[in-house]
Amino acid sequence: MKARHITQPLSLLTKHMTAVPVRDMQAWVNRSAEERHKEVAKRKGYITRPMNSFMLYRSAYAERTKAWCAENNHQVVSSVSGESWPLEPPEVREFYNELAKAERLNHQRAHPDYKFSPSKPGYAG
């Protein structure tokens, strides 16, 4: 279960893998407040944090990373994505930075009273 070492970013390494699409994070970031409220209802009222640029990138490339690594393991996907992120060209990183800004804004609009409060150590609630 050791992650493959990469020398190029995933956007280049997986470019040929057209049968495995990169997830449309623009559509996900711009989902409606109503859709976001349905997600919260499914999680028994729990509101997740808005995704940052790296998390959006990781989510976008998750399926391609699994296929490229021949591993269906989220730890491997995270490790490879983490190694790839700093190798991405500035325009790719900027694209996900802009998505993260939109995600924060849309999250704020859907959940105006949301305040991040990390779980206390030893408390699983």
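Q: How many helices and strands does the protein have?
A: The predicted model has six helices and zero strands. Read in sequence order, the pattern is α-α-α-α-α-α. The C-alpha trace spans about 45 × 35 × 25 Å along its principal axes.

Q: What share of the residues counts as buried?
A: Of the 125 residues, 36% are buried. As for contacts, take those with a sequence separation of 6 or more: 81% of them come from residues 24 or more positions apart.

Q: How should I read a salt bridge, and how many salt bridges does a search of the whole structure find?
A: The general idea is that side chains of opposite charge can pair when their charged atoms come close. In this structure the search finds seven salt bridges. One of them joins the side chains of Arg31 and Glu103, with an N to O distance of 3.7 Å.

Q: Where do Arg31 and Glu103 lie?
A: Arg31 is in the loop between helix 2 (25-29) and helix 3 (33-42), whereas Glu103 belongs to helix 6 (residues 90-110). The pair therefore ties together parts that are 72 residues apart in sequence.

Q: Is Arg31 buried or exposed, and is Glu103 buried or exposed?
A: The cut-off for buried is under 20% relative accessible area. Arg31 has 13% and is buried. Glu103 has 1% and is buried too.

Q: Which salt bridge does Glu34 form, and how are the two residues placed in the helix?
A: The side chain of Glu34 meets that of Lys38, at 4.0 Å from N to O. That value can be set against the cut-off, which is within 4 Å. Glu34 and Lys38 are four residues apart in helix 3, so about one helical turn separates them. Glu34 counts as exposed at 52% relative accessibility, while Lys38, at 45%, counts as partly exposed.

Q: What about Glu63 and Lys66: how far apart are the closest N and O atoms?
A: They are 3.1 Å apart in this salt bridge. Both residues lie in helix 4 (residues 53-69), with a spacing of three residues, or about one turn of the helix. Glu63 is partly exposed, its relative accessible area being 45%. Lys66 is also partly exposed, at 24%.

Q: Turning to packing, at what angle do helix 3 and helix 6 pack?
A: A helix pair is read from the angle between the two axes and the distance between them. Here the angle is about 75°, and the axes are 9 Å apart. Helix 3 is therefore roughly perpendicular to helix 6, given that 65 to 115 degrees is the range for that label.

Q: Which residues meet between helix 3 and helix 6?
A: From helix 3 come Ala33, Arg36 and His37; from helix 6, Glu103, Asn106, His107 and Ala110. By type, the residues of this contact are two nonpolar, three polar and two charged.

Q: How many aromatic pairs are found, and how is the pair Phe54 and Tyr57 read?
A: Ring pairs are read from the distance between centres and the angle between planes. The whole structure has seven such pairs. For Phe54 and Tyr57 the centres are 6.5 Å apart and the planes are at 40°, so the pair is tilted. The two residues are three apart in helix 4, with about one helical turn between them. Phe54 counts as partly exposed at 21% relative accessibility, whereas Tyr57 is buried at 0%.

Q: What aromatic pair do Tyr57 and Trp85 form?
A: Theirs is a tilted pair, with 4.8 Å from centre to centre and 50° between the planes. Tyr57 lies in helix 4 and Trp85 in the loop between helix 5 (74-84) and helix 6, so the pair ties together parts 28 residues apart in sequence. Trp85 counts as buried, at 11% relative accessibility.

Q: Which residues form one aromatic cluster?
A: The cluster consists of Phe54, Tyr57, Tyr61, Trp85, Phe95 and Tyr96.

Definitions and conventions: Residues are numbered from 1 along each chain as its sequence is written. This is a predicted model: local features need pLDDT of at least 70, side-chain atom pairs count only at pLDDT 80 or more; totals for chains, interfaces and linings use all residues. Side-chain values use heavy atoms; hydrogens and water are left out. Buried means under 20% relative accessible area, exposed over 50%, partly exposed in between (1.4 Å probe, protein chains only). Axes are lines fitted to C-alpha atoms, for helices over the stretch in contact, and angles run from 0 to 180 degrees between N-to-C directions. Angles under 35 degrees count as roughly parallel, over 145 as roughly antiparallel, 65 to 115 as roughly perpendicular and the rest as oblique. Contact means heavy atoms within 4.5 Å. Ala, Val, Leu, Ile, Met, Phe, Trp, Tyr, Cys and Pro count as nonpolar, Asp, Glu, Lys and Arg as charged, and the others, Gly among them, as polar. Rings of Phe, Tyr and Trp (its six-membered ring) pair if their centres lie within 6.5 Å; planes under 30 degrees apart count as stacked, over 60 as edge-to-face and the rest as tilted.
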